[in-house]
Amino acid sequence: FATAEIDIPHQEGWDRAAPTDDALSQAVDAVSGAKRLAIWAGGGVINANAFAELTQLAERLNAPVFTSTNGRGSIPEDHTLAMGPTTGLPACAAVLSEADVVLAVGTRFQGSATQNWALPINGTLVHLDVDPAVINRNYQAGVAVVADARLGLAGLLRQVAGDGNEAAYTERAQAARDEARAEMRAQIGPDYESIMDAMRAALPSDANIVRDATVPAYTWGNRLFPILEPRTSIGSTSAAIGPGLPLAIGAAIGSGKKTALIQGDGGFMLNLSELATAAQYELPLIICLFNDEGYGVLRMIQSRTFEGRKVGVDLHTPDFVQVSQGMRISAERVTGVAEFEAAFSRAVAAEGPVLLDIDMSVLEPMSFGAPPRRD
């Protein structure tokens with residue numbers, strides 16, 4: 001409780017790392033000469049606020065833009081050149097393998113995006129990243145550019161010449177993307193498809209989309225739900241269950257914007273008490289609680305691995321509506337698509353937090369990992 005004189009250090013900003021003239025020249029030559037250029041954008045594009053430069057370069061060269069999960073929003077996913085996080089899907093992987101140049105910006109080529117590094121990159125890899133330790137870690141770069149993503153892309157924009165991609169290549173990429181999206185939509189089935197589309201239609205483009213590690217997140221939240229602006233896509237880096245609600249609370253407080261959380265009941269139980277935080281600060285938070293009374297992801301894994309035997313995956317879950325209302329949070333149970341659409345619209349219009357307890361057992365099951373039906 002003592003008082004003291006302390007020295008508060010002054011923090012200086014740091015200069016962005018600019019590309020060397022030689023490295024930039026090599027990258028310009030490679031990109032300018034490409035006829036089948038694919039761009040791969042990672043989270044470094046967003047960290048560097050380089051999304052405008054990325055989109056402008058893609059448009060100039062008519063180049064498809066793939067993203068990592070962390071790079072979602074670096075180009076709006078309703079843009080005609082946006083491929084989304086589809087590098088691990090066969091049709092899109094085939095397009096990448098045809099590229100004569102792959103321009104990778106701010107990415108580490110993580111395992112989930114590369115089929116555990118089995119994805120072939122046959123063309124010249126131009127790798128732009130501020131961290132020199134990332135370049136050549138997982139894929140050998142033909143041209144290495146150690147630089148801030150924004151300065152590197154701006155340098156390319158100033159100097160790249162040429163006619164851009166062959167129209168046929170970009171059209172194949174777009175067709176592969178549409179095929180991949182159609183397959184994912186078919187897998188999740190009509191009910192989850194309608195729920196996803198209703199969420200996107202009702203939310204503003206700058207709303208935060210937060211996802212825990214749960215079946216809906218894996219099947220459509222992480223890959224298919226359209227992300228329209230940078231810094232609006234948030235998930236658990238570790239892929240562990242549980243952090244969804246705290247992440248969503250942080251996003252809502254930090255941005256002041258409407259925040260939608262996709263979480264399962266098992267993971268939600270790990271931080272249930274944080275409902276009190278959401279209520280105390282009257283946060284603009286919509287909790288979409290997909291309730292299958294258990295650990296849905298672990299059910300899928302155990303069913304595949306142990307000949308259908310499952311242990312410790314069925315849970316005694318509370319009445320989440322009553323728990324929420326006890327904390328003075330608006331809540332309602334949802335037992336169908338039409339109910340969800342109406343309830344979600346009300347939640348978007350609400351001032352404070354809202355919880356929607358979505359009964360997965362009454363929804364049309366996905367083509368894999370279906371929850372047990374309780375009707």
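Biologist: How many helices and strands does the protein chain have?

Modeller: Helices (H or I, at least four residues) and strands (E, at least two) are DSSP runs, numbered from the N terminus. Here the protein chain has 13 helices and twelve strands. Keep in mind that this is a predicted model, where local features need pLDDT of at least 70, side-chain atom pairs count only at pLDDT 80 or more, and totals for chains, interfaces and linings use all residues. Residues are numbered from 1 along each chain as its sequence is written, and side-chain values use heavy atoms, with hydrogens and water left out.

Biologist: What share of the 375 residues is buried?

Modeller: Buried means under 20% relative accessible area, with exposed over 50% and partly exposed in between (1.4 Å probe, protein chains only). In the protein chain, 51% of the 375 residues are buried.

Biologist: What does Met 199 touch?

Modeller: A contact means heavy atoms within 4.5 Å. Leaving out residues up to four places away in sequence, Met 199 touches Trp 220, Phe 225, Ala 260, Ile 262, Cys 288, Phe 340 and Phe 344.

Biologist: What about pockets: which residues lie closest to the centre of the largest pocket?

Modeller: On a 1 Å grid over the protein atoms alone, a pocket is an open set of points where a 1.4 Å probe fits, with protein on both sides within 12 Å along at least five of seven lines; lining residues have an atom within 4 Å of a point. Of the 40 lining residues here, Thr 69, Ser 112, Tyr 218, Asn 222 and Arg 223 are the closest to the centre. Helix 7 (215-221) and helix 11 (296-305) are among the elements that each supply at least two lining residues.

Biologist: Which residues of helix 11 are buried?

Modeller: Those are Gly 296, Arg 299, Met 300 and Gln 302. What covers them includes helix 7. After helix 11 comes Glu 307, with a positive phi near 55°.
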